[in-house]
Amino acid sequence: MSEPKLDHRFGPYGGQYVPETLMPALAELEAAWLSARVDDDFQAELGRLLRDYAGRPTPLYLAERLSAAAGRTIYLKREDLIHTGAHTIHNALGQALLAVRMGKPRIIAETGAGQHGVASATACALLDLECVVYMGVEDIRRQAPNVQRMELLGATVVAVEAGARTLKEAVSEAIRDWVTNVADSHYIIGSAVGPAPYPAIVRDLQRCIGDEARAQILEREGRLPQRVIACVGGGSNAIGAFTVFVGDEDVELIGVEAAGEGIESGRHGAPLTAGGRPGVLHGSLSALLQDDEGQIAEAHSISAGLDYPGSGPEHAWLRDSGRATYVAVTDDEALAAFERTAQLEGIIPALEPAHAIHYALHVPSNSDLDLICLSGRGDKDLAEVLKLLGR
Amino acid sequence: MSGAERIAAAFSDRHGRAALMPYLMGGFPDIKTSLGIGNAYVDGGADLIELGVPLSDPLADGPVIQSAGSAALAAGATLDLVLGVARELSSCLPIILMCYSNAILARGTDRFVDELADAGVSGLIVPDLPLEEAPATSTSCAAAGVAFVGLAAPTSTDQRLAAIGAATQGFLYTVAVAGTTGERGDDSDYGEVIGRVRSHTSAPVALGFGISTPEQASAAAGAGADGVIIGSRLVREAAEADQPSAACKALVEQFAQALR
Ligand SMILES: Cc1ncc(COP(=O)(O)O)c(C=O)c1O
C-alpha cells in the first residue's frame, strides 16, 4: 500500500477501522486533500469563500465584564459571528469544495447540534451539491430551528431512530450511507473524529481559529495567552484553537468536555476526562465511553454538540502526552454560564462553549490571560434553555 | 486440525457444489434459542456457520442485523455466552466468528483469540479491520490456529485485492455489493466481482451481503462462488417466525437445495 502522508496515528490513537469497501475512498480522499492543500487555485477559492462569504477573520474580543467576574483578562474568539453561527462552516466549505474537486455530486453529513448540518447544507446550496443530513430524533427535537434551516437550504434531513437517537447513531447511519453510495458521495464528517485522514483534514480546516487568534492576541497584548480553553465534543473547534499553540510550551491548552449530570453519575459526555480503556468507534481508536465487553455507552449532555461517547484521536494523544488537559463541566454549570454571558456581555453563546466559559469563570487558576474559543452562538439553544430554566 | 484446515475441508468436500454458510446472530432472540437455530442450520444442510457477536454500533450492518444485535444485547448476550454457542456448534460444523474490532480490543487481542480457539472456532472475520489494521489480530490468530479471514469488496483496487487475497486464510469473504448487510431484490451481476477476486487469490471465494433468495444463491454459485453466505434473510426469519428453529431449518433446506 502507498505510504500515508497525512497523520494516520496520533501516538497509538487514530487509524482506519472501517469496512474494506471504504478503504479506496479514504485513499482517494487523502490524495485529493494532499493535492488541494498545496494547490494555489483551491486555496485561493477557499480563502475567498471564508473571507467574503463566511466572514473571516473573526474578531478577538476583550470581554471586560467577564474578565472582571473572573479576576483575569479574558478574550473571546468570536466564532459565533461567522456565517451560520459556528466554527463548523470552515470544515463544511473546505470539504464541499474538495467534493467538487473529486467530482462527487452528493454530500452526506451527520449532525448533533445541527450546526454541522446547517453548515453542510449551506455549502451544498452554494456549490450546487445534493445534501443528505442524518440527525437523531432526540436532537431533531431539541435543535428544531436548525432542522428548519437545513430544509430551507434544500437539504434532506433523515431522522435516525436507533439507540439514544443522538449524534452517535447519526454518525453510524451517515457512514452506512457512505458505504452504500461511495461511488458518487462524499461524507463530510463534522468533527475531528472518524477514520484517517479525516482528523487531519478537519484539523487543517479548523486551525484558522488558532492561527488568527494567536496573531490577534500578540498584536493586542504583546504576548501569548497563558491558557487556551475550548469545549470538546468530537474536538474540532478545540483542535482548531490548539494546533498553532502546541509548539508554544508555556501556553496551557484546556479542553472542556460535558460532565452532564456529573462524571460520577455515569451520565456524561467526557471520555477524555473520565479515563478508561481506549476503543474503536466510527473508524478510529480513541478515548471512549464503553463497558467491559466493548459495547459503546450512551453519552449524555444538555448540549447536543457535546453529547458523544467518543473523542478525536489527536485529543487522546495530547492528553496522554501531557500537552493538553481535559476537564468537564456539568449541564447546570453550562446553563448558568450561558445566562451569565448573555447578561454580562450581551452575547448569547451556544451551550457547547458555555461549558468552556464556565470553566474559565469558576475554576481557580494562576493565569492572568485566557483565550476562550466561543465556538458558536446560542440561537439554536434558546427554546431548550428557556424551558430548562422554567421560563 | 487447524481452523484453516477444517475450513478448507468444508470447501473441498463438495464435489463442485458451492458451500452454504448461513449467518447466525449469537444470542438472538436469546442465547438458548440462538443455539437451537444454529442446530437447525446444521440439520438443514449448512456446511459452515458464520456466528455473529452482537455489538452496540455495527457499522457494516443494515437494519435487520442491527436490530437483532440490539435485541440480543438487551436479552443479556455476552461474548462468553456467544462463545458457548460456538463451542456447541463447532462439534458439528466449522464456525467462523464475525466480530467487530472493539469487542476484540475490549478482551485483549491475544486472550480473545485464545478463547476462540478454546471454543473450537475455526475462523475469525472482523468487518472493520482492513488489512492495514489487521497485523496484530492475524498474528494472534496464526499462533492459535484460527484462520483470519480477509474481506474483499467490489470497490477494492487490484493492488488491494492482491494483498488481501494473499493474506487471507481459510477463504476470502467477498462482499457482493458496496453497502451494508441486508436483503436485496435485484439480481446483481455476481460474475464480475467473483472473477476479479478469484484472479488474486488461491483461497476459496465465498460471496455474501444481499444474497436473500435461493435463486440468488444459485446464481452466485453459477457465477463461480465456492461458498454462499446468507445473512439478513435468515435473521429476519428468526425475528418473525413463531417457531424460529423450524422456520430457519426449512429456509436453510431451500438454500441447500438451490446449491445442489
Ligand atoms: C457551537 C458548537 N461548539 C462546539 C461543538 C462541538 O463540536 P467540536 O468538539 O467538534 O468542536 C458543536 C457541535 O456541533 C457546536 O455546534
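Let's start with E212(A), which sits in helix 10 of chain A, the stretch covering residues 208-221. This is a predicted model, and in it E212(A) has a relative accessibility of 16%, so the residue counts as buried.

Which residues does E212(A) touch, leaving aside those up to four places away in sequence? They are R56(A), P57(A), T58(A) and K77(A). Two of these neighbours also have polar atoms facing the glutamate. The side chain of K77(A) is in polar contact with the side chain of E212(A), at 2.7 Å. For T58(A), the backbone nitrogen is 3.2 Å from a polar atom of the E212(A) side chain.

## Where the two chains meet

Now for the contact between the chains. Chain A contributes 33 residues and chain B contributes 39 residues. About 2800 Å² is buried between chain A and chain B, and carbon and sulfur atoms account for 54% of that area. The interface of the two chains also holds 17 residue pairs in polar contact, counting pairs with both residues at pLDDT 80 or more. On the chain A side, helix 1 (23-37), helix 8 (167-180) and strand 11 (278-281) each provide at least two of the residues that touch chain B. Helix 8 of chain A gives the largest share, with 7 residues. Sorted by class, this side of chain A is made up of 14 nonpolar, 11 polar and 8 charged residues.

How many salt bridges are found across the interface of chain A and chain B? There are 4. One example to look for pairs R107(B) with E293(A), where the closest N and O atoms are 3.3 Å apart.

A search of the whole structure turns up 0 disulfides over all chains. In chain A, take C124(A): the nearest cysteine sulfur belongs to C131(A) and is 3.9 Å away, and C124(A) is in no disulfide. The cut-off for a disulfide is a pair of cysteine sulfur atoms within 2.5 Å. C124(A) is also buried, at a relative accessible area of 1%.

Some backbone details are worth a visit, because most residues other than glycine have a negative phi and most peptide bonds are trans. In chain A, a cis peptide bond links A196(A) to P197(A), with omega about 10°. P197(A) belongs to the loop between strand 8 (185-188) and helix 9 (198-206) of chain A. Chain B has a cis peptide bond between F28(B) and P29(B), where omega is about -5°. You can find P29(B) in the loop between strand 1 (19-25) and helix 2 (31-44) of chain B.

Positive phi values turn up too. R165(A), which is not a glycine, has a phi near 60°. This arginine, R165(A), lies in the loop between strand 7 (156-160) and helix 8 of chain A. H282(A) is placed in the loop between strand 11 and strand 12 (284-287) of chain A.

Conventions:
Residues numbered from 1 in each chain as written. Chains lettered and ligands numbered in written order. Predicted model: local features only at pLDDT ≥ 70, side-chain atom pairs only at ≥ 80, totals over all residues. Heavy atoms only, no water. Contact = heavy atoms within 4.5 Å. Buried area = accessible area lost by both parts, 1.4 Å probe. Salt bridge = Lys/Arg side-chain N within 4 Å of Asp/Glu carboxyl O. Polar contact = N/O pair within 3.5 Å; in protein donor to acceptor, adjacent residues only side chain to side chain. Helix = DSSP H or I, 4+ residues; strand = E, 2+ residues; numbered from the N terminus. Nonpolar A, V, L, I, M, F, W, Y, C, P; charged D, E, K, R; others polar. Buried < 20%, exposed > 50% of the residue type's maximum accessible area, 1.4 Å probe, protein only.
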